[in-house]
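Have a look at the model below.

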Amino acid sequence: MISAITTNAAFVVLKTDYNIHYRMFQIFEISEILFVSMYTCEFLMKVYVDPIKYWRDGYNLLDMVIIIIILIPYTLRKIKGRFYKNLNIADGIQSLRILKLISYSRGIRTLITAVGQTVYTVASVLTLLFVLMYIFAILGFCLFGVVERGDLNNWGNLASAFFTLFSLATVDGWTNLQEQLDKRKFVVSRVFTILFILIASFIFLNMFIGVMIMHTENSIKKFQRELMVERHVTLMEEKQVILRRQQEEVNKLVTTQKTGGKNFTQLVEEFKKTLRHTDPMVLDDFGASLPFVSIYLSTLDNQDNTLNKLQKLYYEIVNVLCLMLEDMPQEKTSHSS
């Protein structure tokens, strides 16, 4: 589905070129039928599998809305004809079908969740920004919207003042706006502009960005924790499968030893052939079992006894070598005499 949606989006882009659309008209028509059929079949299969739970998922509802949007042009052509004046709008919103990728990408869903969590905080910040712009809009209208010598294009009414303040808040072309006020010799215009930019741009917009970054970071950390849990669950399932398989192989070996009369060395060699490269991971749980600890401790005791005996043997060898070195000069003396 990801490949189909991506290919469909590429076809929508190619259709914007008139020459390509004219030469590949039949291909576009056939592909459109295929894509719409795939989306519809996907919708019907999901509803068939779980008709109740399907409607509780917001991403499924988004898919349904996209399917409705896709069917709008076909409906308008049937009812209003091919030359309906608003048909271009229906064709233009077909680009929304690429939003179907959201339901297949967990990363995008994580970012959307972060945006959804910031709704209340962002709404508060935007409300404060609107109150600030309301105050400065009326103040700017009274100061710079004077009919005789004011800047009527930018401050002539409240709507123009709001738009001008939005340009100042985004720091887009604020120098040109200030030049218009300087030409009309408004003394307080520079104080007004600098004060509004400091409050609106440096405080409120940065506050807005900071809130978005904080919630996005928290959502990404939560997403990473979920991935770690899923990987751990998958690893544990793989371990259980390996343990069951190894238990079956051991049972087979025991049965073979009882019935076939093979020695233990041959059974071990046959068991080694059944091991896979992922099998050592089960040692984490196996190494913590009580039988393994008991056997391991007894093995360490045997190892200590063996090392002790080896040390005694080395001491005896050293002692013998020392005696041999002491006897060598006496032999030389007897030969010289």
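Here are some questions and answers on the helices, the spaces between them and the annotated spans.

Q: What makes local features and side-chain values count here?
A: This is a predicted model, where local features need pLDDT of at least 70, side-chain atom pairs count only at pLDDT 80 or more, and totals for chains, interfaces and linings use all residues. Residues are numbered from 1 along each chain as its sequence is written, and side-chain values use heavy atoms, with hydrogens and water left out.

Q: How do you know which residues are annotated "transmembrane region"?
A: The label comes from an unreviewed UniProt entry, which places it on residues 58–76, 119–146, 158–175 and 187–214. UniProt positions follow the numbering used here, feature names are shortened, and annotations may be inferred rather than shown by experiment.

Q: What makes up residues 119–146 and 158–175, helix or strand?
A: Residues 119–146 are 93% helix and 0% strand, with end C-alpha atoms 39 Å apart. For residues 158–175 the figures are 78% helix and 0% strand, with the end C-alpha atoms 21 Å apart. Helices (H or I, at least four residues) and strands (E, at least two) are DSSP runs, numbered from the N terminus.

Q: How do you know where empty space is left?
A: Rolling a probe the size of a water molecule over the atoms shows it. On a 1 Å grid over the protein atoms alone, a cavity is a set of points where a 1.4 Å probe fits but cannot get out, while a pocket is an open set with protein on both sides within 12 Å along at least five of seven lines. Lining residues have an atom within 4 Å of a point. Points are joined across faces, edges and corners, and a volume is the space filled by probe spheres set on them.

Q: What does the search of the whole structure find in the way of cavities?
A: The search finds one cavity of 30 Å³ or more, and the largest cavity holds about 40 Å³. Its lining is Tyr39, Glu42, Phe43, Lys46, Tyr54, Asp63, Ile67 and Lys100. H3 (25–49) and H4 (58–79) each supply at least two of the lining residues, and H3 gives the most, with four.

Q: Why is the cavity lining counted as four nonpolar, no polar and four charged?
A: Ala, Val, Leu, Ile, Met, Phe, Trp, Tyr, Cys and Pro count as nonpolar, Asp, Glu, Lys and Arg as charged, and the others, Gly among them, as polar. Sorted this way, the lining gives four nonpolar, no polar and four charged residues.

Q: What makes the contact between H3 and H4?
A: These helices pack at about 145 degrees, with axes 11 Å apart. Contact means heavy atoms within 4.5 Å, and residues including Tyr39 and Phe43 of H3 and Asp63 and Ile67 of H4 make it. Axes are lines fitted to C-alpha atoms, for helices over the stretch in contact, and angles run from 0 to 180 degrees between N-to-C directions.
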